[in-house]
Amino acid sequence: MKKPDDKELIARVIATQDTQAFEALVWRNQHLVRNWLRQLSGDIGMADDLAQETFIKAWSKLHTFRGEGNFRSWLMKIAYTNFLQAKRQQFQQYRVLQEASQMEADKDSSGEESAGLDLQKYLAVLNTEERACLILNYAYGYSHREISILTELPLGTVKSNIRRGTVRIRDKFNITGTP
Amino acid sequence: MTDNNLSNEAFIQQLFQQNAEQQTFSHENSEAFVDTVMKPLRRQLWLRTAVLSVMAGLSSLILAFQLVPVINILSDSYNWLSFQTISINWELVLIPGSIAILGMTFLLMLDHSTDQ
């Protein structure tokens with residue numbers, strides 16, 4: 001039997017508040033939302049808490065999803081907004097976390113190159129917008145225009161964030177060629 | 001674009017590709033996460049259904065009480081479920097009761113609309 005697609009499940013949730021249909025949507029998309037938030041925040045606990053909030057918000061706002069765009073992008077947008085709100089609310093705590101990540105990045109870049117490629121180490125040197133744009137572009141393959149819609153940033157800002165982000169990583173880790 | 005930029009872009013692409021392979025969750029981990037999301041939603045839905053059921057029951061009861069005097073008048077027999085003999089002032093029960101039910105309905109609707 002063919003599995004229902006996302007649109008069918010969404011329709012069932014909106015029409016009858018079908019929790020089983022919503023559970024199927026959570027199963028399908030949890031890895032995407034959790035990874036996105038982990039890459040954004042660099043903190044597994046915070047990312048999973050925000051992912052949970054994201055799905056709860058999605059449940060109550062699902063009727064506003066018009067089905068024109070991609071459901072995954074819609075979820076990622078909610079997750080990103082959630083992340084920005086949490087960051088604003090816990091600015092002090094977040095700054096401590098950022099400073100810790102920064103210190104970790106400095107320590108790693110000054111020492112010998114680690115055997116594996118640690119993405120968080122590189123992302124830690126970027127600000128939130130640069131990080132979001134770079135992750136969406138390279139990890140999820142979103143176009144500049146799609147990133148602009150998802151992050152609500154002007155197209156030019158998205159392009160410059162990606163350019164600035166790559167340059168910042170290159171400068172910070174003194175990368176001159178492919179590893 | 002300079003050669004340096006190109007090599008850097010290739011590096012970033014490789015960085016993300018290698019990382020993407022690591023970002024998978026075990027079945028148990030996913031199950032625990034889905035449970036964490038679904039539990040409060042199911043509880044919220046169950047609570048809402050329970051409150052609505054109680055309210056519907058109360059409303060029906062109040063409506064039935066309000067209909068009794070009308071039925072009495074229509075049947076021209078004031079003895080049927082003769083409220084006059086009971087020393088409770090039903091107006092004092094029914095009016096605040098109706099207001100309370102309406103208030104609860106309004107609050108519930110407000111709660112639902114703020115959720116959305």
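**Close-up views of a predicted two-chain model**

**View 1. A:Asn29 sits in helix H2 of chain A.** Helices here are DSSP runs of H or I with at least four residues, strands are E runs of at least two, and both are numbered from the N terminus. This is a predicted model: local features need pLDDT of at least 70, side-chain atom pairs count only at pLDDT 80 or more, and totals for chains, interfaces and linings use all residues. Residues are numbered from 1 along each chain as its sequence is written, chains are lettered from A and ligands numbered from 1 in the order written, and side-chain values use heavy atoms, without hydrogens and water.

A:Asn29 is buried, at 0% relative accessible area. Buried means under 20% relative accessible area, exposed means over 50%, and partly exposed lies in between (1.4 Å probe, protein chains only). A polar atom of the A:Asn29 side chain lies 2.9 Å from the backbone oxygen of A:Leu25. The side chain of A:Asn29 also makes a polar contact of 3.3 Å with the side chain of A:Arg72. A polar contact is a pair of N or O atoms within 3.5 Å; within protein, one must be able to donate a hydrogen and the other to accept it, and residues adjacent in sequence count only if both atoms are side-chain atoms. Beyond four places in sequence, A:Asn29 is in contact with A:Asp6, A:Phe55, A:Phe71, A:Arg72 and A:Leu75. Contact means heavy atoms within 4.5 Å.

**View 2. A:Glu23 and B:Arg42 form a salt bridge.** Their closest N and O atoms are 2.4 Å apart. The term covers a side-chain nitrogen of Lys or Arg within 4 Å of a carboxyl oxygen of Asp or Glu. The rule finds one salt bridge across the interface of chain A and chain B. It also finds four residue pairs in polar contact there, both residues at pLDDT 80 or more.

**View 3. Chain A meets chain B through several helices.** Helices H2 (19-41), H3 (44-61), H6 (119-123), H7 (128-138) and H9 (155-172) of chain A each give two or more residues to the side that touches chain B. The largest share, 11 residues, comes from H2(A). That side of chain A divides into 19 nonpolar, 13 polar and six charged residues. Ala, Val, Leu, Ile, Met, Phe, Trp, Tyr, Cys and Pro count as nonpolar; Asp, Glu, Lys and Arg as charged; the others, Gly among them, as polar. In total, 38 residues of chain A are in contact with 33 residues of chain B. The two chains bury about 3400 Å² between them, 69% of it on carbon and sulfur atoms. Buried area is the accessible area (1.4 Å probe) that two parts lose on being put together, summed over both.

**View 4. A:Gln17 has a positive phi, near 55 degrees.** Most residues other than glycine have a negative phi. A:Gln17 lies in the loop between helix H1 (6-16) and H2 of chain A. A:Gln17 is partly exposed, at 32% relative accessible area.

**View 5. A:Glu152 also has a positive phi, near 60 degrees.** A:Glu152 occupies the loop between helix H8 (144-151) and H9 of chain A. At 61% relative accessibility, A:Glu152 is exposed.

View 6. pLDDT is the predictor's confidence in each residue, from 0 to 100. Chain A averages a pLDDT of 82, and 81% of its residues score at least 70.
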